Amino acid sequence: MTGEVARVVVADDQAVVREGIVMLLGLLPGIEVVGSARDGAEAVALVAELAPDVVLMDLRMPRVDGVEATRRIRDEHPATQVVVLTTYADDDSLFPALRAGARGYLTKDADGDEIVRAIQEVVAGRAGLSPVVQRRLLEQVTAAPAPSGPRLPDGLTVREGEVLTLIAEGLSNADIARRLGISTATVKTHINNLFAKAGLHDRAQAVRYAYREGLAQPPGPDIT
C-alpha cells in the first residue's frame, strides 16, 4: 500500500471510544477516516454509500452486532475488508468474526502502529491479526483432538447444543449469556443457527426437540 491512503470507516457504539479511535486514526500515516457508525446497521449503510477500503469493527453493538455486520459487508461489498477492533479475544468472539469474513482482529489495547499494520495487511490481501489472536489460532490448530462425545443432531455445534439445553431448562437469553460467559448477541446468533439447522420456529419447539434428542430431560412428576 506504499504511497496510497486507506479509506476507513470506524464502527463502535460507545461515542467516547469511537471518537477517540477516529482522532487516533487521523494522526496516523496512510489512513483517511471517511465515516463513523454507532452500530452494525449504520456501518453496513456507510459501506454502501462510501465504499471504504476497510471497516474497523467493534463486535458488541446494538441493533446489528459486529459479526452480522461483517457478514453483510463481505457478502454485499466484498471490496471492503473488515478489521475487528474489540475488547474481547475469547473464542466466542474471535471465531464467529473470522468465519463471518473479518480479515483482521485486534484488541483495543493495540497501539497506532498495530492498527496501521493490520489495515495495510488486509488491504494487501493478507491477514491482519494481533499476536494474541495469532497465538490463539495456532493453539486451536495444534491442540490435540478432544475425545469424541455423542454426535449432536442436525450438525449442531457443541456450543449450540449447550444453548439448546439451557433453553430447555427455561433460561432466558440473558440467563444463558451469564451462564456461558458470552454476550446476549452471541446467544441470539447461536439460537438463530440452531433453529435454522433443526428446522425450529420457536422456543417451545426447541424444548420438545431437546427432549426428543436427549439433550435435556423432561421434568418428571413431583414425588411427595
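View 1. Helix α9 covers residues 184–198, and at 1.5 Å a residue its 15 residues should span 21 Å; the end C-alpha atoms sit 21 Å apart, so the two agree. The expected span here is 1.5 Å times one less than the number of residues. Helices are DSSP runs of H or I with at least four residues, strands are E runs of at least two, and both are numbered from the N terminus. This is a predicted model: local features need pLDDT of at least 70, side-chain atom pairs count only at pLDDT 80 or more, and totals for chains, interfaces and linings use all residues. Residues are numbered from 1 along each chain as its sequence is written, and side-chain values use heavy atoms, with hydrogens and water left out. Thr186, Val187, His190, Ile191, Leu194, Phe195 and Ala198 are the buried residues of α9; buried means under 20% relative accessible area, exposed over 50%, and partly exposed in between (1.4 Å probe, protein chains only). They pack against α4, α7 (158–168), α8 (173–180) and α10 (203–212), where contact means heavy atoms within 4.5 Å. Just past the helix, Gly199 has a positive phi of about 70°.

**View 2. Arg178 on helix α8.** Arg178 belongs to helix α8 and is exposed, with a relative accessible area of 61%. Its side chain makes a polar contact with that of Asp175, at 2.5 Å. A polar contact is a pair of N or O atoms within 3.5 Å; within protein, one must be able to donate a hydrogen and the other to accept it, and residues adjacent in sequence count only if both atoms are side-chain atoms.

**View 3. Helix α4 from end to end.** Seven of the ten residues of α4 (residues 91–100) are buried, leaving the helix mostly covered. The buried set is Asp92, Ser93, Leu94, Phe95, Pro96, Ala97 and Ala100. At the start of α4, Asp90 puts a side-chain oxygen within 3.2 Å of the backbone nitrogen of Asp92. After the helix comes Gly101, with a positive phi near 120°.

View 4. Six strands line up as β2-β1-β3-β4-β5-β6 in an open sheet with parallel pairing; two strands pair if DSSP finds at least two bridges between them. β2 (31–37) and β6 (128–129) are at the edges with a single partner strand each, so one side of each has no neighbour in the sheet. Helix α1 (residues 15–26) packs on the sheet, touching β1 (6–11), β2, β3 (54–57) and β4, and its direction makes about 165° with that of β2. For such angles, axes are lines fitted to C-alpha atoms, for helices over the stretch in contact, and values run from 0 to 180 degrees between N-to-C directions.

**View 5. Strand β4 and its two partners.** Six of the six residues of β4 are buried. Gln81, Val83 and Leu85 point one way, Val82, Val84 and Thr86 the other. In a regular strand, side chains alternate between the two faces of the sheet. Four bridges join β3 to β4 in parallel, with Val54 partnered by Gln81. Four bridges also join β4 (residues 81–86) to β5 (residues 104–107), again parallel, and Val83 stands opposite Gly104.

View 6. An unreviewed UniProt entry places "modified residue: 4-aspartylphosphate" at Asp58; UniProt positions follow the numbering used here, feature names are shortened, and annotations may be inferred rather than shown by experiment. Asp58 is in the loop between β3 and α3 (66–76) and is buried, with a relative accessible area of 6%. Not counting residues up to four places away in sequence, Asp58 touches Ala11, Asp12, Asp13, Gly66, Leu85, Thr86 and Lys108.
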